[in-house]
Each structure stands twice: as C-alpha cells, then as structure tokens.
Amino acid sequence: MTNDVKEIFSSRGTGRPGGETAPAPAALAAKVRTLAPSMTRSMQRVAEAVAGDPAGCAALTVTGLAELTGTSEATVVRTARLLGYPGYRDLRLALAGLAAQQQSGRAPSVTADIAVDDPLADVVAKLAHDEQQTLADTAAGLDTVQLGAAVTALAAARRTDIYGVGASGLVAQDLAQKLLRIGLIAHAHSDPHLAVTNAVQLRSGDVAIAITHSGSTGDVIEPLRVAFDHGATTVAITGRPDGPVSQYADHILTTSTARESELRPAAMSSRTSQLLVVDCLFTGVTQRTYETAAPALSASYEALAHRHSPRTR
C-alpha cells in the first residue's frame, strides 16, 4: 500500500475535511447514483460495486475492493473521498449501515427498465417506484446548509431571475409563479437572449437561479455568469454539482435522478427532483416571510376563487 493511500485510509472519525459531516448510509446510496455518471470509468466500477453489494464490499479491505473492481487502492480511496468520506474506513462503516437498512426493509424488486410491451399496470408500478427513489435520493443528498442560505437570499431579494430551458424551463416557471403568489418579484427566463439582457440589470441584493440537470447547459450558465459578475447572489439547482455551472454559483442544490432508459429520458426523472427542491425553497421562503406571505397567498386565492366555483345562470 502506498504512503498516500495509507495516510487517507488511516484517517479517523466521520467528519469530512472542513468540518462537514460524512453522508449517512441513505445519502451514500443517493450520492453513488448521482455522481457515478461524472466519475472516471475506474471510479465508476468502485461506485457500482459498493452500490450493488454494500454488505459484501463492507467486508473487504481497500486492497480487496481494488482487486474486485480491477482498479487500484488509490482509486478506491479517491472514490471514497468523492462520495464524502475522509477515507475508506469511513466508507466501509457507511456500507455496513446501508446493508443493515436494506436487510431490515428492502425496496420492491422492480426496476425502471420499461419494455415496449409492458402492461400499463407494470409501467405505473415501475415509474412510481422510480419516482419514489428519485425523491428519496434528492432529499437524502440535499445540503440543508446550502438550502438555508438560498432561502435567506430569496426571502430578502429585491428581485429573483430564474433560468432554465426545456424541462428545466417548466420548473423555472413553477418557482417563479410560486414566489409571485407570496408577493415577491420573480421572473422565469427560457429565452437565452432575454435571460442575459435581464441578468445585466441584476446587482447585489438580487438573486439569480440556474436550473440545469447536466450542469453544462450553456444557455443557462451564461446568464448566471452575468448575474454573478454583477454581484447578484447565484444559486444552481443541478444534478452535476461538479459541472461548469458550479463555478458561477454561490450556493449549489444537488438533485438526483433515476436511472435513464430509452423510454424514460433524463428530462423526466430530473424534473421530479428539481420540483422537490423548488418546493423546499418556496416553503422555506414562505416561513421566513410569513407575515407578508400569508396575506398575499390569501389574496391570490380569493382573487381566483370565482374561477373554481360553478357559474350560476
């Protein structure tokens, strides 16, 4: 075992560098699913092994897992660090905890692999399980410190701009209309030109939010960069916290997605997790601004009440 591997492997405790807490067992499973696509192939093999057989991997030494996955001890340790653990010893403890959780209550043996000839009942069951897993993974991996900071900024913002294209654009519209209903000024932009021309008007005290599953959508990153350069507080809602969007984000809210398949593209599963984060942001802001938010919500309900009542002749 090399000296650098020994140094990391021998690290004690469960705290991450900088005082952060290592992921709980449930969050470990979520992190593996979220980060695996952005890992190197050798690191993916380690991540897939620990996610597929946490009990078996928990029983292996760092050398044993390296041999099992055809990688090196250093790769195993780097994977553990990327997943949020100081060293492999801490990862093994989390794997043991995850294995115990699975043994006490296993998830249904259903996958998101939907075949063209699947009965609709099977489609419903598979999608429902997939959506539940996506929401659970997002909740487990969401950094509440980052979430709280974003809520604080939104609650005090003079104005909020939200950028998203495609399916993420629909989520941007959802957040904007929610904020508007509690009396805040918010605009959703899916046109990249309008997004940039509006971003140049932002300044300190404003908030800009970019929603991009891939973390690399240029039409979303560009206005966020402009907002960042003009002093606005910037937030990224993304499934790839290590993507290019992160370099212009003051706060990063990580989403998780179910495994993509031919009949269920990433846009579908990513939207589920993005909407959860949006609801968390909105609820947090409503709590912080309750004295003004509650009357604004009541007024909006009252203004629309007649549209939901049967018309009398």
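Author: Start with phenylalanine 228. It is partly exposed, at a relative accessible area of 32%. Buried means under 20% relative accessible area and exposed means over 50%, with partly exposed in between, for a 1.4 Å probe and protein chains only. The model is predicted, so local features need pLDDT of at least 70 and side-chain atom pairs count only at pLDDT 80 or more, whereas totals for chains, interfaces and linings use all residues. Residues are numbered from 1 along each chain as its sequence is written, and side-chain values use heavy atoms, with hydrogens and water left out.

Now the ring. Searching the whole structure gives 1 aromatic pair. Its members are phenylalanine 228 and tyrosine 248: the ring centres are 6.2 Å apart and the planes meet at 65°, so the pair is edge-to-face. The rule covers rings of Phe, Tyr and Trp (its six-membered ring) with centres within 6.5 Å; planes under 30 degrees apart are stacked, over 60 edge-to-face, and the rest tilted. The pair links distant parts of the chain, 20 residues apart. Phenylalanine 228 belongs to helix 12 (residues 218–229), while tyrosine 248 sits in the loop between strand 4 (233–238) and strand 5 (251–254). Helices (H or I, at least four residues) and strands (E, at least two) are DSSP runs, numbered from the N terminus.

The largest nonpolar core has 29 residues. Ile162, Leu179, Ile182, Ile209, Leu253 and Leu281 have the most contacts inside this core. Two or more residues come from each of helix 9 (144–156), helix 10 (167–181), strand 3 (207–212), strand 4, helix 13 (266–288) and helix 14 (290–304). Such a core is a set of buried Ala, Val, Leu, Ile, Met, Phe, Trp, Tyr and Cys residues joined through side-chain atoms within 4.5 Å.

Setting aside residues up to four places away in sequence, isoleucine 209 touches Leu154, Thr160, Asp161, Ile162, Tyr163, Leu175, Leu224, Val235 and Ile237. Contact here means heavy atoms within 4.5 Å.

Tyr163 has another partner. Alanine 195, in helix 11 (residues 192–199), is buried at 1% relative accessible area. Beyond its neighbours within four places in sequence, alanine 195 is in contact with Tyr163, His189 and Pro223. Its C-alpha atom is 8.4 Å from that of aspartate 219, 24 residues away along the chain.

Next, the loop between helix 9 and strand 1 (160–163). Alanine 157 is found there. It counts as buried at 15% relative accessibility. Glycine 205 is 48 residues from it in sequence, yet the two C-alpha atoms are 5.4 Å apart.

Helix 10 holds serine 168. This serine 168 is buried, with a relative accessible area of 9%. A polar contact of 3.3 Å joins its side chain to that of glutamine 274. A polar contact is a pair of N or O atoms within 3.5 Å; within protein, one must be able to donate a hydrogen and the other to accept it, and residues adjacent in sequence count only if both atoms are side-chain atoms. Leaving out neighbours within four places, serine 168 is in contact with Ile211, Thr212, His213 and Gln274.

Helix 13 also carries threonine 286, which is buried at 14%. Its side chain reaches the backbone oxygen of phenylalanine 282 at 2.8 Å. Threonine 286 touches Ile182 and Ala293, not counting residues up to four places away in sequence.

One last stop: helix 8. Its buried residues are Val123, Lys126, His129, Asp130, Thr134, Asp137 and Thr138. Seen down the helix 8 axis, the buried residues fall within an arc of 165°, so they line one face. The arc is taken from the directions from the helix axis to the C-beta atoms. On the other side, Ala121, Val124, Gln132 and Ala139 are exposed. Glutamine 132 counts as exposed at 54% relative accessibility. Its C-alpha atom is 9.4 Å from that of threonine 272, at 140 residues' separation in sequence.
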